[in-house]
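Hello,

Here is the structure I said I would pass on. My notes follow below.

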Amino acid sequence: MRPDPVTPNPIPRDRAKRIAARVETWFAKNARDLPWRTSPRDPWMSLLSEILAQQTQISRVAERIPALFSTFPSPTHLAHAPEQSILALWSGLGYYSRARNLHKSAQMIRDSFDGNVPSAVDDLLKLPGVGRYTAGAIASMVFNQRAPIVDGNVRRVIMRIEGADLDPANKATDQYAWAQSQRLVNACTSPALFNEGLMELGALICTPRAPKCAQCPLSRSCRARRANLQDQIPAPKKPAARKAIHHAAVIVTDAAGKILAEQRPARGLWANLWQAPTLESAERAPTPRQITAELGVRKLKPAGHFLFKTTHRDVHFHIYSAHPAEPSPGTPRGEFLSPEAIAAKPLATPHRRILLEIAPATARP
Ligand code: SF4
């Protein structure tokens, strides 16, 4: 039977010091070699990597950061660039609002902070898209300040070492984790080493499932391990309700092999990115009659179907090929572009697949 939940108490200073020292020693020996882990740290590259890592796996961030950093080597370079150029480099990474916020942050850094990434948590929090975690990460890991950090990895490690069997969906659990994180960072020798080490430990050792306790530098101090609750703390979150939506995408090519593409609206899912002309419906797949009427095409022919999952949505793509309904009643939306020109546009993963993989195979000039 599962024991009673442990009442969370503040970590005593001596215990916090021991934990912090073990994490720092472990991280100094086990840190992964990642492009932004330079010595000294580049504040701008660190900010780029933190924003990217918010919803993207670290291995993917490591692949993409060199191109982003060499194109925009400073906040000022990005601040002066058109939004479409950063969206194009962001293609396939998802959560495109991060790219838009980064662009606005770069402009704020240029205009309000002399082009330098600020070091104070309060200033970092003014940047669009920078929340408490990212501000703490930059302040501690780049500027070595005693700023706490809590993300999913850190919260899990803290709950386990303290045996804190709390509801992860409860706001009080977050407050608890932030308070403990502050106590730990106050007790460490190097906030830069400790905070990044704690995150690395959560990513590599104290993983959500099957934590590698035998390899963990905190195994002797870990209360969850002692109570054999490491697989149960934290309790799994209830999955969020998913919403199904339907996108009917139409492939239209001209005699020169150019493909019709349009820019998505400035708000909502995949805002301002490019796609094949698409009719969306929340209820069910749009009918051919609706598609031909709305998109100004004719001779619609099914060309496939696939499902694309975002965090909260199941997007059912219904692909068609068609001819433009010229000269009347309407002109199809968008413009004819070569595959090379399309590849240079900002594209979400499903639209890249439709325009650059499915379209060449279904061309009907
Ligand atoms: S001993 Fe196990 S559960 Fe505890 S912190 Fe280490 S990996 Fe996590």
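Which residues does Ile 354 touch, not counting residues up to four places away in sequence? Ile 354 is in contact (heavy atoms within 4.5 Å) with Ala 249, Ile 251, Ala 276, Phe 306, Phe 317, Ile 319 and Ala 359.

This is a predicted model, in which local features need pLDDT of at least 70 and side-chain atom pairs count only at pLDDT 80 or more, while totals for chains, interfaces and linings use all residues. Residues are numbered from 1 along each chain as its sequence is written, and side-chain values use heavy atoms, with hydrogens and water left out.

Ile 354 belongs to the largest nonpolar core, which has 56 residues; Trp 44, Leu 47, Trp 90 and Ile 354 have the most contacts inside it. (A core is a set of buried Ala, Val, Leu, Ile, Met, Phe, Trp, Tyr and Cys residues joined through side-chain atoms within 4.5 Å; buried means under 20% relative accessible area with a 1.4 Å probe, protein chains only.) Helix 2 (residues 43–53) gives the most to this core, six residues; helices are DSSP runs of H or I, at least four residues, and strands runs of E, at least two, numbered from the N terminus. Domain 1 (13–226) and domain 2 (243–361) both contribute residues, so the core lies between them; the bounds come from an automatic or database domain assignment.

An open sheet of four strands has the order 4-1-6-5, with mixed pairing (two strands pair if DSSP finds at least two bridges between them). Its edge strands are strand 4 (278–281) and strand 5 (297–309). Strand 5 runs antiparallel to strand 6 (residues 313–324), joined by ten bridges.

Regards

Notes
Buried < 20%, exposed > 50% of the residue type's maximum accessible area, 1.4 Å probe, protein only.
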